Amino acid sequence: MKTLKNIFARIWALWGICSFIITMLIVIIPILITYFIPDPKGVEIFRRISKIWMHVFLTLIGCRLRIKGRAYFEKKEVYVVVCNHNSLIDITLTTPFIPSANKTIAKKSFAKIPLFGWIYKRGSILVDRKNIESRKESMELMKATLMSGIHMCIYPEGARNRTDYPLKPFFSGAFKLAMVTQKKIIPCLIFNSKKTLPVNKFLYLWPQILEIHFLTPLETKNYTDVEILKGDVYEIMQTHYIHFK
C-alpha cells in the first residue's frame with residue numbers, strides 16, 4: 001500500500017508541475033503589468049491575480065484550503081505577519097491569502113528561476129542571508145514597505161522546518177522590525193503543507209486539506225526586549241499548533 005501511495009504521489013507531482021507551469025504562463029503577463037502600477041495598489045492587484053491563480057492551481061492538484069482568522073486584519077492597519085514554514089507550497093499560500101497588499105522577505109536566489117523569478121520578485125523583498133549588507137538593506141526596505149501601507153510576511157524560522165518539532169527556533173528580525181515600526185504582529189500557522197509537499201521527499205505531492213490560521217494580533221508598543229517578544233509569539237504559535245493537531 002505504501003509503495004502504491006509513493007508511485008501515485010510521484011505521478012501526481014508531475015501533474016502538479018505541469019499544472020503550475022501552464023497556469024503560470026496564463027497569469028504572467030497580467031502580473032508583469034502590475035510592475036507599472038505604483039504600490040500599494042500595484043502589489044494589491046498582484047495579490048488578487050495570485051489569489052485567483054492559486055485557487056485554480058490548488059483545485060487542479062486536489063487540495064482544499066480553509067482559512068481562519070481573516071477578521072483580525074483591520075482596515076487601515078498594517079501588520080507584521082509571522083508564519084511557520086514547513087514546505088515550498090507555503091509561499092504560494094501566504095501572499096495570495098493574507099488579506100490586502102503584502103510582501104514577503106524571500107531568498108534572492110529564487111528570483112533567478114526563469115519566468116517564475118519575475119513573479120517571485122514582484123511579491124517579495126529579496127535578501128541574501130549570507131551577506132550582512134543585504135540583510136541591513138532588506139530591513140530598511142521592510143520598514144519602508146510597512147510605512148507605505150503594505151503588510152510584511154516573515155518566516156521567523158528562516159528555512160523550512162525539517163525537524164519533528166512543531167516549530168524551529170525563531171530568528172529575531174521579524175520582531176525587531178515590529179518593535180521599531182510599532183506595528184502589531186499577527187501570528188500565522190499553516191497546517192498540512194508538510195504532508196502535501198514534504199521537504200524530505202523528492203518529486204512527491206499528496207492532496208490534502210490545507211489550513212491557514214491567523215491568530216489574535218499582538219501589540220508590540222509595550223515591549224522593550226526583542227527576546228521577550230519573540231518568546232511570547234513562539235509560545236502562542238506553538239500552543240495553537242499543538243492544540244489544533
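Q: In β4, which residue is the bridge partner of I105?
A: This is a predicted model, where local features need pLDDT of at least 70, side-chain atom pairs count only at pLDDT 80 or more, and totals for chains, interfaces and linings use all residues. Residues are numbered from 1 along each chain as its sequence is written, and side-chain values use heavy atoms, leaving out hydrogens and water. Strands here are DSSP runs (E, at least two residues; helices are H or I, at least four), numbered from the N terminus. T104 bridges to S124 in β4, and the partner of I105 is I125.

Q: How many bridges join β3 to β4?
A: Two strands count as paired if DSSP finds at least two bridges between them. β3 (residues 102-107) and β4 (residues 124-127) run parallel, and the number of bridges joining them is 4.

Q: What is the strand order of the open sheet?
A: The sheet has 7 strands with mixed pairing. Its edge strands, each pairing on one side only, are β1 (64-68) and β4.

Q: At about what angle does helix α5 run to β4?
A: Helix α5 (residues 132-147) lies across β2, β3, β4 and β5. Angles run from 0 to 180 degrees between N-to-C directions, with axes fitted to C-alpha atoms, for helices over the stretch in contact (heavy atoms within 4.5 Å). For α5 against β4, that gives about 165 degrees.
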